[in-house]
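Hi,

Here is the structure I promised to pass on to you. Have a look at it first, and then read on for my notes.

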Amino acid sequence: LRWTEDQKDGDYMITLNNPAANLLAAPETTLGMERDDSKTTWFGNVNWYATEEIMLFATASTGYKSGGFNSQSSGRTPLGEERRIFAPEETTNYELGVKSTLLNGAMTANATLYRMEIDDFQDRAFDGVSFIVLNAGELRQQGVEADINWAPIEQLRIVAGVSYLDSEYLDFEGAPALPLGQPQDLTGERRTYSPEWQTSLSADWTQAFGNDMEWFLGGSWSWLDEQNVGASSNNDPQSEQDSYSIVNARVGLRSASGTWDVTLFGNNLTDEDYCETIFDTPLAPLLGAANPVNNTSVMRCALGAPTTWAVRGTFRF
């Protein structure tokens, strides 16, 4: 059990002394903002060893994040006290799973079924000037994750994982607007940065070299399903990132005692193009970068790293 109490107070005031700033912001004064929140959270776990190698578990827990104040300018439309203050976020989480050690210790295999329910989820919206925090009514994230770690022979190790995620806003009226639109109702829609499927596979080979050294070789492949990677949680269709995969490899030499090692890395060997984040152009309407007919704007992409090579050396003493 844990009991938490948060007490906050604050004032917000913006004064414009530069006439040009009137194009970007409006005067606003919100004084005497207060939050007084308290919450009791808890955690419980039960384990049962069906055999010496297989353990089943069940977990239930709650979480809490205190409310607060938006301290950024909101452009030409003042937020006012109602939107300057955001409420606490409360989470309930359930897990059922299995952890196992198989093949005389050569393999571990785990799987977890989970469900997370978040009330008053603290989301963020981009208003053309800055980001503000607002509360989504209710968000549910549920799915299953599984992984194995297997050493079929002494020199080889294989690791694989897969996950499935069912994401849905159960209640999100007043969600962030599209670039030139009005607040939306995203109830029933998927949360950003929530790919339905993702998987990974890696393998490493280690071999003795001489009397006191060993060389190693490894590679990995990961794949992410399509997802919305918008910086603002308005589910803008322009922020959709197609599915992509990344291939990495490494080769190196190290001492058998682990005192030193030298490794050559090659990341994103297929030179996959993808966006880590896609965001609206700041002040898009003012700059003529927004289309009022189809409610779109020029978007910016934070590109993932291209093919990259690196050498790293380590000495431990």
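Below are my notes on the salt bridges and the nonpolar cores.

Please keep in mind that this is a predicted model.

Let me start with the charged pairs. The count comes to 10 salt bridges. One of them joins Glu28 and Arg84, whose closest N and O atoms are 3.0 Å apart. Glu28 belongs to strand E2 (residues 28-41) and Arg84 to helix H1 (residues 80-84), so this pair ties together parts that are 56 residues apart in sequence. Both partners are buried: Glu28 is, and Arg84 is too.

Another salt bridge links Arg35 with Asp37, and here the closest N and O atoms are 2.8 Å apart. How buried are Arg35 and Asp37? Arg35 has a relative accessible area of 19%, so with the cut-off for buried at under 20% it counts as buried. Asp37 is buried as well, at 8% relative accessibility.

The pair Arg115 and Glu117 also forms a salt bridge, with 2.7 Å between the closest N and O atoms. Its setting is partly exposed on both sides: Arg115 has a relative accessible area of 29%, and Glu117 comes to 23% relative accessibility.

Now for the nonpolar side. In soluble globular proteins, nonpolar side chains tend to be buried together. The largest nonpolar core here has 12 residues in all: Leu79, Ile118, Phe121, Ala125, Ile132, Leu134, Ala136, Leu139, Tyr169, Phe172, Ala175 and Leu186. Strand E8 (107-126) and strand E9 (131-153) are the elements that give two or more residues to this core. Which of the elements provides the largest share of this core? That is E9, with four residues.

Setting aside neighbours within four places in sequence, Leu134 is in contact with Phe121, Gln122, Asp123, Arg124, Ala125, Phe172, Gly174 and Pro176.

Best wishes

Notes: Residues are numbered from 1 along each chain as its sequence is written. This is a predicted model: local features need pLDDT of at least 70, side-chain atom pairs count only at pLDDT 80 or more; totals for chains, interfaces and linings use all residues. Side-chain values use heavy atoms; hydrogens and water are left out. A salt bridge is a side-chain nitrogen of Lys or Arg within 4 Å of a carboxyl oxygen of Asp or Glu. Buried means under 20% relative accessible area, exposed over 50%, partly exposed in between (1.4 Å probe, protein chains only). A nonpolar core is a set of buried Ala, Val, Leu, Ile, Met, Phe, Trp, Tyr and Cys residues joined through side-chain atoms within 4.5 Å. Contact means heavy atoms within 4.5 Å.
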